[in-house]
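Please keep the sequence and the structure in view while reading.

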Amino acid sequence: MPRLAVPLGSLAAVGAAFAVVAVVDPNEPGHYPACPFLTVAGLYCPGCGGLRSAHAVTQGDLGTALGANVLAVLLFAGFALGWLHWAVGAVRGRRYSFPVRLRAWHWWALGALAVAFTVVRNTPLGVGLAP
(Lines give C-alpha, C1' and ligand atoms only; values in the text may rest on other atoms or scores of the structure.)
Protein backbone atom coordinates (compact mmCIF):
# COMPACT_ATOMS: atom_id res chain seq x y z
CA MET A 1 0.00 0.00 0.00
CA PRO A 2 2.79 2.56 0.61
CA ARG A 3 3.76 2.24 -3.07
CA LEU A 4 0.29 3.51 -4.01
CA ALA A 5 0.38 6.50 -1.66
CA VAL A 6 1.54 9.06 -4.24
CA PRO A 7 -0.67 7.81 -7.12
CA LEU A 8 -3.69 7.68 -4.79
CA GLY A 9 -2.88 11.14 -3.41
CA SER A 10 -2.72 12.51 -6.95
CA LEU A 11 -6.00 10.82 -7.80
CA ALA A 12 -7.59 12.27 -4.66
CA ALA A 13 -6.46 15.80 -5.60
CA VAL A 14 -7.78 15.53 -9.16
CA GLY A 15 -10.94 13.81 -7.89
CA ALA A 16 -11.53 16.65 -5.42
CA ALA A 17 -11.17 19.22 -8.20
CA PHE A 18 -13.63 17.32 -10.38
CA ALA A 19 -16.00 16.97 -7.41
CA VAL A 20 -16.04 20.75 -6.94
CA VAL A 21 -16.72 21.29 -10.65
CA ALA A 22 -19.46 18.63 -10.49
CA VAL A 23 -21.22 20.46 -7.66
CA VAL A 24 -20.55 24.08 -8.62
CA ASP A 25 -21.85 24.38 -12.19
CA PRO A 26 -19.58 26.55 -14.37
CA ASN A 27 -22.52 27.21 -16.70
CA GLU A 28 -24.02 29.48 -14.02
CA PRO A 29 -22.37 32.92 -13.97
CA GLY A 30 -20.55 34.15 -10.90
CA HIS A 31 -19.04 30.89 -9.64
CA TYR A 32 -15.73 31.00 -11.48
CA PRO A 33 -13.67 33.91 -12.81
CA ALA A 34 -13.87 34.70 -16.52
CA CYS A 35 -11.03 33.62 -18.80
CA PRO A 36 -8.53 36.51 -18.83
CA PHE A 37 -7.60 35.87 -22.48
CA LEU A 38 -11.27 35.94 -23.51
CA THR A 39 -11.87 39.06 -21.44
CA VAL A 40 -8.89 40.99 -22.84
CA ALA A 41 -8.64 39.71 -26.42
CA GLY A 42 -12.20 38.58 -27.03
CA LEU A 43 -10.90 35.25 -28.35
CA TYR A 44 -11.18 31.71 -27.02
CA CYS A 45 -7.97 30.27 -25.59
CA PRO A 46 -7.21 26.51 -25.72
CA GLY A 47 -8.66 26.14 -22.22
CA CYS A 48 -11.92 28.03 -22.75
CA GLY A 49 -14.77 25.66 -22.05
CA GLY A 50 -12.55 23.33 -20.02
CA LEU A 51 -14.53 23.75 -16.79
CA ARG A 52 -17.82 23.26 -18.63
CA SER A 53 -16.28 20.21 -20.26
CA ALA A 54 -15.18 18.80 -16.89
CA HIS A 55 -18.65 19.45 -15.48
CA ALA A 56 -20.24 17.59 -18.39
CA VAL A 57 -17.84 14.66 -17.87
CA THR A 58 -18.86 14.44 -14.21
CA GLN A 59 -22.50 14.38 -15.30
CA GLY A 60 -21.79 11.60 -17.81
CA ASP A 61 -22.57 13.79 -20.82
CA LEU A 62 -19.69 13.10 -23.21
CA GLY A 63 -21.32 14.90 -26.15
CA THR A 64 -21.62 18.15 -24.21
CA ALA A 65 -18.09 17.71 -22.87
CA LEU A 66 -16.70 17.33 -26.38
CA GLY A 67 -18.72 20.33 -27.54
CA ALA A 68 -17.38 22.51 -24.74
CA ASN A 69 -13.70 21.66 -25.29
CA VAL A 70 -12.60 18.59 -27.22
CA LEU A 71 -8.95 19.21 -26.34
CA ALA A 72 -9.75 19.17 -22.62
CA VAL A 73 -11.59 15.84 -22.97
CA LEU A 74 -8.52 14.38 -24.70
CA LEU A 75 -6.35 15.65 -21.85
CA PHE A 76 -8.73 14.13 -19.27
CA ALA A 77 -8.52 10.78 -21.06
CA GLY A 78 -4.73 11.07 -21.32
CA PHE A 79 -4.48 11.78 -17.60
CA ALA A 80 -6.67 8.77 -16.80
CA LEU A 81 -4.54 6.45 -18.95
CA GLY A 82 -1.30 7.87 -17.55
CA TRP A 83 -2.56 7.52 -14.00
CA LEU A 84 -3.63 3.93 -14.63
CA HIS A 85 -0.19 3.10 -16.03
CA TRP A 86 1.40 4.74 -12.99
CA ALA A 87 -0.82 2.90 -10.48
CA VAL A 88 -0.34 -0.52 -12.11
CA GLY A 89 3.41 0.05 -12.15
CA ALA A 90 3.35 1.02 -8.46
CA VAL A 91 1.42 -2.12 -7.56
CA ARG A 92 3.99 -4.20 -9.45
CA GLY A 93 6.82 -2.43 -7.63
CA ARG A 94 8.18 -0.57 -10.65
CA ARG A 95 9.42 2.94 -10.50
CA TYR A 96 7.20 5.17 -12.58
CA SER A 97 8.39 6.07 -16.02
CA PHE A 98 6.30 7.75 -18.65
CA PRO A 99 5.40 5.15 -21.30
CA VAL A 100 6.61 7.41 -24.13
CA ARG A 101 9.92 9.20 -23.95
CA LEU A 102 9.03 12.78 -24.82
CA ARG A 103 11.56 14.57 -26.95
CA ALA A 104 11.73 18.26 -27.85
CA TRP A 105 9.75 17.75 -31.06
CA HIS A 106 6.88 16.21 -29.07
CA TRP A 107 6.58 19.40 -27.01
CA TRP A 108 6.77 21.53 -30.16
CA ALA A 109 4.03 19.40 -31.76
CA LEU A 110 1.81 19.73 -28.68
CA GLY A 111 2.35 23.50 -28.67
CA ALA A 112 1.55 23.68 -32.39
CA LEU A 113 -1.61 21.64 -31.78
CA ALA A 114 -2.72 24.05 -29.04
CA VAL A 115 -2.02 27.08 -31.27
CA ALA A 116 -3.82 25.49 -34.24
CA PHE A 117 -6.78 24.57 -32.02
CA THR A 118 -6.93 28.15 -30.74
CA VAL A 119 -6.75 29.69 -34.21
CA VAL A 120 -9.29 27.32 -35.77
CA ARG A 121 -11.83 27.64 -32.95
CA ASN A 122 -11.78 31.43 -33.37
CA THR A 123 -12.57 31.32 -37.11
CA PRO A 124 -15.87 30.65 -38.88
CA LEU A 125 -14.41 27.31 -40.03
CA GLY A 126 -14.07 26.13 -36.41
CA VAL A 127 -17.39 27.34 -35.06
CA GLY A 128 -18.06 23.79 -33.86
CA LEU A 129 -14.94 23.94 -31.66
CA ALA A 130 -16.00 27.12 -29.86
CA PRO A 131 -17.45 26.57 -26.39
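Val 100, Leu 102, Trp 107, Leu 110 and Leu 113 make a nonpolar surface patch of about 480 Å². The model is a predicted one, in which local features need pLDDT of at least 70 and side-chain atom pairs count only at pLDDT 80 or more, while totals for chains, interfaces and linings use all residues. Residues are numbered from 1 along each chain as its sequence is written, and side-chain values use heavy atoms, with hydrogens and water left out.

**The nonpolar patch**

- A patch is made of residues with over 30% relative accessible area and no salt bridge; like charges are joined within 9 Å, and nonpolar side chains (Val, Leu, Ile, Met, Phe, Trp, Tyr) within 5 Å.
- A salt bridge, in turn, is a side-chain nitrogen of Lys or Arg within 4 Å of a carboxyl oxygen of Asp or Glu.

**Overall architecture**

- The protein contains 6 helices and 0 strands; helices (H or I, at least four residues) and strands (E, at least two) are DSSP runs, numbered from the N terminus.
- Read from the N terminus on, the order of elements is α-α-α-α-α-α.
- The C-alpha trace spans about 50 × 40 × 25 Å along its principal axes.
- The protein has 131 residues, of which 22% count as buried.
- Its accessible surface comes to about 8,700 Å², and 73% of that belongs to carbon and sulfur atoms; such areas come from the Shrake-Rupley method with a 1.4 Å probe, and for residues only the protein chains shown count as cover.
- Among contacts with a separation of 6 or more, 55% are between residues 24 or more positions apart, where contact means heavy atoms within 4.5 Å.

- A search of the whole structure finds 1 aromatic pair.
- This pair, Phe 18 with Phe 76, is edge-to-face, at 5.2 Å centre to centre and 80 degrees between the planes.
- The pair links distant parts of the chain, since Phe 18 is in helix H1 (residues 5-23) and Phe 76 is in helix H5 (residues 70-91), 58 residues apart.
- By definition, rings of Phe, Tyr and Trp (its six-membered ring) pair if their centres lie within 6.5 Å; planes under 30 degrees apart count as stacked, over 60 as edge-to-face and the rest as tilted.
- Phe 18 is partly exposed because its relative accessibility is 23%, and Phe 76 is partly exposed because its value is 25%.
- Leu 8, at 34% relative accessibility, counts as partly exposed, and so does Val 14, at 27%.

**Helix H3**

- The buried residues in helix H3 (residues 50-58) are Gly 50, Ser 53, Ala 54, His 55 and Ala 56.
- Their cover includes H1, helix H4 (62-68) and H5.
- Just after H3, Gly 60 takes a positive phi of about 80 degrees.

**Cysteines**

- A disulfide is a pair of cysteine sulfur atoms within 2.5 Å, and by this rule the count comes to 0.
- The closest cysteine sulfur to that of Cys 35 is in Cys 48, at 3.5 Å, and this is too far for a bond.
- Cys 48 is buried because its relative accessible area is 6%.

Definitions and conventions: Buried < 20%, exposed > 50% of the residue type's maximum accessible area, 1.4 Å probe, protein only.
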